[in-house]
Amino acid sequence: MRTQKVQLPLQTLSLVAGFMVWVILSALMPFIKEDIQLTSNQIAMATAIPVVLGSILRIPIGYWTNKYGARKLFLISFAFLLLPVYFISIADSYSDLLIGGLFVGIGGAIFSVGVTSLPKYYPKERHGFVNGIYGVGNLGTAVTTFSAPAVAAQLGWQPTVKLFMILLSAFVFLNYFLGDKKEPKVVTPLGEQIQSVYKNQKLWALSLFYFLTFGSFVAFTIYLPNFLVSHFELDKVDAGLRTAGFIALATFFRPIGGWLGDKFNSFVILMVVFAGMTISGILLSFTPSLTLYTIGCLTVAISAGIGNGTVFKLVPLYFSKQAGIVNGIVSAMGGLGGFFPPLMLAFLFNLTGHYAIGFMALSQVALASLIIVIWMYYQDKLSLAKNIIDHTAEGIMVTDVKGTIEKVNPAFTTVTGYSAEEVIGKNPRILQSGKHGEDFYKEMWKSVNELGFWHGQIWNKKKNGTIYPEWLTISPVKNEAGEIKNFVGMFSEISVKSK
């Protein structure tokens, strides 16, 4: 039990360490480019390349975590990271930076470990907050962005990179001794898991949302230090501090986003998130003063942080049996969301001389996500209503205003013997027993029209010809204009009800 309790802090700190290593190049790029001659496009590629492997590997790592446990995945990942970190510390060319940066991406890929492992230790109603706490590991990017330039100013960038090898070695030992050797395993084949989820629309919607929220976080983390120095002519340490502030704010709001997702409707939270990002993207596209630019960036940080936490509340909610592979796919899309924007911004700047189109693209993707969230919100409500109807014990029949049957529930079939295919499009007269005359039905519909309902005992006939008594309630369904659009009949067989 003690081993289980230590998993949340251990895995969160492991993510901090992984993310610290993940952003070495972007944090130290203002120093690196003084020793290695790089064009603006090469700088953009070198700082974005760690995101590639850090994104793609999240899918198998999520699966492997379910199969082998977080202890082994963290231990092996940190041990392997020692090699590319050392390679970067002796780099003297653009190609060296690309090769080392690619494999440093493993530091970002380990994000899939915790979001797959930690929910196994907590009930569903706490998954959002727990994954939000784990997501505080994003703070690792702030630690490196803040501290690495200050250390590099004293020691040089190459010795600074070597210091990260001590950090990695420490976490190899921590995970070896404190990791949970008895973590519950899931051994469903990878292909079978992918087949069971890849057609699910919710998977790709959540992937888009995380592509935008986490992608924005990663993109701004990579892009801000160099941009603040080159565009606003800030000191390198000052730019690092401001970027660290962006990261810290986004990280602080991540568990808040998870908590909000636990307490309130997650789709409503995401509506606010994407509305904020839409407005921020428009503001930034006008290349405002440093003050307004700061406001826009901080709004992106808050929105991205809350969005990151909320999205991973929804993943285990909809994909409890395939959490490993879905966490991997969604988090991979988030990582890729951090790869393309810096390259796009650099390309557009070279083409147009400013970043306006890139930021406007951010606002439009956020607006599209807002529309999708609103659609999912109402689809979720419709799905809930359908589940209630399908699982209620009473038979339900819905007709249009002309009396044509449009929908019945499973209980209708249980009572009457008629399947939905046999009655949809027909008139409820097929159920009449012949025991009631025209006056009975006239009084029934008079009550519906004048009082707004009718309820009472009625004799009807089943498919097999059996005549039986039922208790029936008929009510009209009106639209917002007060017009009757449907009639709903709810009934139960009296002999069943009276038992």
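Visitor: How do the residues lining the largest pocket divide into nonpolar, polar and charged?

Guide: The lining splits into 13 nonpolar, 6 polar and 3 charged residues. Here Ala, Val, Leu, Ile, Met, Phe, Trp, Tyr, Cys and Pro count as nonpolar, Asp, Glu, Lys and Arg as charged, and the others, Gly among them, as polar. Bear in mind that this is a predicted model, where local features need pLDDT of at least 70 and side-chain atom pairs pLDDT 80 or more, while totals for chains, interfaces and linings use all residues. Numbering starts from 1 along each chain as its sequence is written, and side-chain values use heavy atoms, with hydrogens and water left out.

The largest pocket holds about 510 Å³ of space, and 22 residues line it. If you want to find its centre, look for N427, P428, M444, W445 and I474, which lie nearest to it. A pocket is an open set of points on a 1 Å grid over the protein atoms alone, with protein on both sides within 12 Å along at least five of seven lines; a cavity is a set where a 1.4 Å probe fits but cannot get out, and lining residues have an atom within 4 Å of a point. Points join across faces, edges and corners, and the volume is what probe spheres set on them fill.

Strand 5 gives the most, with 4 residues. (Helices, H or I of at least four residues, and strands, E of at least two, are DSSP runs numbered from the N terminus.)

Pairing takes at least two DSSP bridges between two strands. Strand 4 and strand 5 run antiparallel and are joined by 9 bridges.

Searching the whole structure turns up 2 cavities of 30 Å³ or more. The largest cavity has a volume of about 80 Å³. Its lining consists of W22, V23, L25, S26, T47, P50, V51, T141, F217, V218, T221 and I222. Helix 3 (24-35), helix 5 (50-56) and helix 15 (201-231) each give two or more residues to that lining, and helix 15 gives the most, with 4 residues. By type, the lining of the largest cavity has 8 nonpolar, 4 polar and no charged residues.

The second largest cavity has a volume of about 40 Å³. Around it you'll find A27, P30, F31, T145, P149, P225, K236, A239 and G240. Helix 3 turns up here too, giving two or more residues along with helix 12 (139-155) and helix 16 (236-263). The lining of the second largest cavity comes out as 6 nonpolar, 2 polar and 1 charged.
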